There are 2 protein chains.
Amino acid sequence: MYINNTIKEIQISDIRKIYEKMQTYEDTINMSLGEPDIDVPEEVKKSVAYHALNTKIKYSPVGGMLELRKKIADFYNKNFDGNFTSDNVLITVGSTEGIASLMKAVITQGDEVLIPTPSYVGYGALIKMTGGMPVYIDLKENNFILTAEILEKHITNKTKMIILTSPDNPSGMTLNEKEMEKITELLKEKEIYLLSDEIYASIVFEKYTSFGKYSEKLKKQLVIISGFSKSHSMTGYRIGYIITNPELQLQVKKVSQYNVTSTSTLSQYGALTALEKCSNRKEISKIYKKRADYFLSELEAMGFKCLKPGGAFYIFAGYENIKELKNLKSLDFAFDLLDKTGLAIVPGSTFQVEGYVRFSLVHDIPVLEEAVKRLKKYMKEIQNN
Amino acid sequence: MYINNTIKEIQISDIRKIYEKMQTYEDTINMSLGEPDIDVPEEVKKSVAYHALNTKIKYSPVGGMLELRKKIADFYNKNFDGNFTSDNVLITVGSTEGIASLMKAVITQGDEVLIPTPSYVGYGALIKMTGGMPVYIDLKENNFILTAEILEKHITNKTKMIILTSPDNPSGMTLNEKEMEKITELLKEKEIYLLSDEIYASIVFEKYTSFGKYSEKLKKQLVIISGFSKSHSMTGYRIGYIITNPELQLQVKKVSQYNVTSTSTLSQYGALTALEKCSNRKEISKIYKKRADYFLSELEAMGFKCLKPGGAFYIFAGYENIKELKNLKSLDFAFDLLDKTGLAIVPGSTFQVEGYVRFSLVHDIPVLEEAVKRLKKYMKEIQNN
């Protein structure tokens, strides 16, 4: 039977392969998935349980509950210098469905979407599924720092969108405010969408600037994507959102309505509580920062070259300076490490960058210490071979 | 800024227009939405509340929890003569996302999808969004009864899929088993998918046959779509499923993974309980049947010609025999009725059939009696004008 070729060619991701292999081992340490170990806030759990028992859970209004959309606008205005109302906000099934419905609304056959690497694995597949083409910008030569100048060089008359992720997955790096200003100036007159993926914006270790600050200048083209999976560990609730101009919000809402009807009403109550009672994630950020500081220094002591995260909960570590590893493909390194130590990580190839691997900091320090112990043993073994 | 033309052209549905107009009136009776008034089962509410408080709610496995997929296969085997295992089942964000992800996996530019009318409004939009073309089969001449013979006449070399909905929305009609056998014989050798939308299969008033019975003969092409929104009133939980062969399940799973990542884990716990503790919906079916019997007889006494529902919770009523109404477009009739009586219904045009309107039986008898009273008054008024 016929299957759409684009779909047939899309591969199950390497993350999944590592994860499945991991199931066959005992005593593993899973540093592969972006699934926070920190629990969902108690207030959110209680609110969801209360509404499950006491509120009639009906279809949500298309596009999401007005009250939640208003709260998200307020949250962005207060914390990220936005200037939004509920009309700018669309509630989605996690940030994923937001990206999927947005792509469907604005990308068509032959369009190019610029993506600096390393980058999240989902973008490329979703672009291809609309007939578009992801065009990756290799930043290795520039120490993975994006500048407006580099961006400009890659813009063609086919460029329909640029995706910037800050803090980034897998590197945790944040965009420099000066460069964001330049990028704003570069894009504002152009017919190019800017998708600013800010899913990690609440988990930051230093001063953070959101593209919300430039929402007036970029009014016609800015789309901010975020959600509650990372900030409030609400991965299993599937709740995210888009912030954009009301005209585009309406178009994406139409796609979203046919794509999923609406987002779980119960999850929306949970998100409301998350914003009302625990929107400040500074304490959570401190936990992740402590882990990042510890793990990065240990990796560097072993010879890895790590990108310095300004947020999120990953370390993206280069191993090309380590002579016993430098000729290994990142997938082979990840499999070998899993095989010999039970430590599961994600190869850089998943993010379009070879010679690097991603460690998820989704364990507390004692577990990270055990991971370091295993890594050291592994390094010693390969150096003695 | 550029917007995909297909998306721009997709209209907000008439149901939505009626619903929005309704908000401006007082003392309305909403018979427009397919939102059950009957509550979510207590067992489901308690289970969801328990898991919200006591279980770590993480990302669901891609494609859904194994235990739920197994339970759905068992449920279909036991109740609908299926022959399925968990490998056949994919959990989706309501049946909507199942249809959306399926369309993306198998429909491409220029493909035709046959849909007998009246039919659910979402199919057409989702087909167009993949570049395909809905081809509606007008059954009015045949009293809205689909036969294998009629179906065969509409098959061309562009036909990639046929969508059959039984019980149907908006008519509640069920397919005749003899015709299902003939349709099975007609399709089994062909390279045409059969999407059997069985979302109302648990709300039936008479003997019901699922295409699950023919799953062996239609192995390569059958896709059953269903969910918990109608049977267990879990509309706001967004949980549905697909049952198909394992190869197609894998392809749709890839689309679904990129489209939404996965379905709410909490909703999956709710669905598990729904199947474990309250899978039998005979009592619920009795409630809807009583409403259908009452409302249909009242409508017919007023001169409407109604399709006889074998399930679901709608009456699809023709008004072409009523001389004061027959020249009205169904949208105009629906707006006029809302304006004069506060009774909100859905025009047949939404389902590709003029001269008909849909009444949703989502109120108990006393409210239906009030609706009848208002309708009678309306009929009297137009007859006196």
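**Entry 1: a cysteine in a strand.** I started at Cys306(B), which stands opposite Ala317(B) in strand 10 of chain B. Helices (H or I, at least four residues) and strands (E, at least two) are DSSP runs here, numbered from the N terminus. I then looked at strand 9 of chain B: two bridges join strand 9 to strand 10 (residues 314–318) of chain B, and the two run antiparallel.

**Ground rules.** This is a predicted model, in which local features need pLDDT of at least 70 and side-chain atom pairs count only at pLDDT 80 or more, while totals for chains, interfaces and linings use all residues. Residues are numbered from 1 along each chain as its sequence is written, and chains are lettered from A and ligands numbered from 1 in the order in which they are written.

**Entry 2: helix 12 of chain A.** Which residues of helix 12 of chain A are buried? I noted Ser330(A), Phe333(A), Ala334(A), Leu337(A), Leu338(A) and Thr341(A). They cover an arc of only 130 degrees around the axis, which puts them on the same side of helix 12 of chain A. Buried means 20 or more other C-beta atoms within 10 Å of the residue's own, with C-beta atoms placed from the backbone; the arc is that of the directions from the helix axis to the C-beta atoms. Just after helix 12 of chain A, Gly342(A) takes a positive phi of about 75 degrees.

**Entry 3: the two chains.** I laid chain A on chain B: a turn of 180 degrees and a shift of 0.0 Å along the axis give an RMSD of 0.0 Å. That is the relation of a two-fold axis. In chain A, the C-alpha nearest the axis belongs to Ala49(A), 2.0 Å away. Copies are superposed by least squares on the C-alpha atoms of residues with pLDDT of at least 70 in both.

**Entry 4: the contact.** Chain A gives 54 residues to the contact and chain B gives 54 residues, where contact means C-beta atoms, placed from the backbone, within 7 Å. Helix 5 of chain A supplies the largest share of chain A's side, seven residues.

How values were computed. A residue is buried if 20 or more other C-beta atoms lie within 10 Å of its own, exposed if 12 or fewer, and partly exposed in between; C-beta atoms are placed from the backbone. Two strands pair if DSSP finds at least two bridges between them. Two residues are in contact if their C-beta atoms, placed from the backbone, lie within 7 Å.
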